[in-house]
Amino acid sequence: MKFYTKYLWVHTNKIRDFINITGDVETALKESGISDGMILVSAMHITAGVYVNDAESGLIEDIEKWLEKIAPYNINYKHHQTGETNGDAHLKSLVTGHEIIVPVTNSKLDFGTWQQIYYAEFDGQRDKRILIKVMGE
Amino acid sequence: MKFYTKYLWVHTNKIRDFINITGDVETALKESGISDGMILVSAMHITAGVYVNDAESGLIEDIEKWLEKIAPYNINYKHHQTGETNGDAHLKSLVTGHEIIVPVTNSKLDFGTWQQIYYAEFDGQRDKRILIKVMGE
Amino acid sequence: MKFYTKYLWVHTNKIRDFINITGDVETALKESGISDGMILVSAMHITAGVYVNDAESGLIEDIEKWLEKIAPYNINYKHHQTGETNGDAHLKSLVTGHEIIVPVTNSKLDFGTWQQIYYAEFDGQRDKRILIKVMGE
């Protein structure tokens, strides 16, 4: 059993952004030399998400708008009494989840045609980290 | 460490459907010969979900109605400019998540009494695939 | 490859409650002797969640209020025809998810500064169980 751990740094210009990290995960898999197993891809922050969905730009706009509708920016969150203004970002992270497990078979991401890995930033404009841990043989 | 990978095909008659795949996952576990470890159950599509919850038929109706309320069918999604009509299915998939990890102990799914594994189809009437990967010893 | 499985019992006084179980997961990791790998933390019930987010008390109130808004207590769920009154708890569990995978590196939870593990009880005042399975080397 081998374990290969890697950290990706991201720093978005916008407060909210959606970054396709599929290529980064594929690179980590190649570096690991693992052919069968899985990859944990996990945001190391509580105001960001990691999810699998489509790379289509219109859909990404739909996702952003929809997340804003169900977990809106709001000045009245109790969390803001600490001086923060990112209460919505914490809630958005709960909707998407902060981590995924990607299957690896025959040295490849064992994905369907349209599956792509996204890092969803909900409180950006600062350094953030994503953990990629490849586990298998 | 052993890895056993299997693919389930599903093709629902309805656009939206909820299929209990607990028995299929138990069959894969038996075939794997693994007694301790975990199972990744992952939809290979971006318009479907996999979740753990109750097999009670009334609750399944509640879940379908509730998902429609928070991620409604809507003709105005930007994604539809590509010719698709399934924007809601992508959003519903983000709510449920597309994969789960099932614990295995003593050659059994290490579940509580009422936990059942569901494949949730949000854009059916076509061939879809679910990956089951058993990992352990 | 080692596997170490442990069960936590919880019994909340309130119907809904949020319990920080990060210390319990760290204890299980120490007991396992594993230095690299991952930990599955999974509610064994379908009316509870497990998620990673902030330990800030105001935010926890925000999360509770927000979950009630998107998956409200409602006397009209079909599920209640079985005699249950906890339909909302099943839906809240789908929002947060019922399990997480925690990375382990150098014998520690490989977390960012603010990441904490929470058990979210949505139908408490009874005995509930959480599975912790440490897997690695």
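How many salt bridges are there between chain C and chain A? The count is 2, a salt bridge being a side-chain nitrogen of Lys or Arg within 4 Å of a carboxyl oxygen of Asp or Glu. The model is predicted, so local features need pLDDT of at least 70 and side-chain atom pairs count only at pLDDT 80 or more, while totals for chains, interfaces and linings use all residues. Residues are numbered from 1 along each chain as its sequence is written, chains are lettered from A and ligands numbered from 1 in the order in which they are written, and side-chain values use heavy atoms, with hydrogens and water left out.

Chain C brings 31 residues to the contact and chain A brings 29, where contact means heavy atoms within 4.5 Å. About 2,500 Å² is buried between the two chains, with 64% of that area given by carbon and sulfur atoms; buried area is the accessible area (1.4 Å probe) that two parts lose on being put together, summed over both. On the side of chain C, the most area is lost to chain A by Asp62(C), Trp66(C) and Ile101(C), together 21% of what that side buries. Asp36(C) pairs with Lys133(A) in a salt bridge whose closest N and O atoms are 2.6 Å apart.

The side of chain C that touches chain A draws at least two residues from each of strand 3 (37-43), strand 4 (48-53), helix 2 (57-70) and strand 5 (99-105). Helices (H or I, at least four residues) and strands (E, at least two) are DSSP runs, numbered from the N terminus. Helix 2 of chain C gives the most to this side, with 8 residues.

Now to the symmetry. Chain B is superposed on chain A by a rotation of 120 degrees with 0.0 Å of shift along its axis, at an RMSD of 0.0 Å, which is the relation of a three-fold axis. Within chain B, Val95(B) comes closest to the rotation axis, its C-alpha lying at 3.5 Å. The copies use different surfaces, as 17% of the contact residues of chain B recur in chain A.

Helix 3 (residues 87-96) of chain C is mostly covered, with 10 of its 10 residues buried; buried means under 20% relative accessible area, exposed over 50%, and partly exposed in between (1.4 Å probe, protein chains only). The cover includes helix 3 of chain A, strand 4, helix 2 and helix 3 of chain B, and strand 4 and helix 2 of chain C. After helix 3 of chain C comes Gly97(C), with a positive phi near 85 degrees.

Over all chains, the whole structure holds 27 salt bridges. One of them joins Glu64(A) and Arg16(A) at 3.7 Å, N to O. Glu64(A) lies in helix 2 of chain A and Arg16(A) in the loop between strand 1 (2-10) and strand 2 (17-20), so the pair ties together parts that are 48 residues apart in sequence. Both residues belong to a salt-bridge network that also links Glu68(A), Asp88(A) and Lys92(A). Another salt bridge, at 2.9 Å, N to O, is formed by Glu61(B) and Lys78(C). This pair crosses between chains, from helix 2 of chain B to the loop between helix 2 and helix 3 of chain C.

Terms used:
Copies are superposed by least squares on the C-alpha atoms of residues with pLDDT of at least 70 in both.
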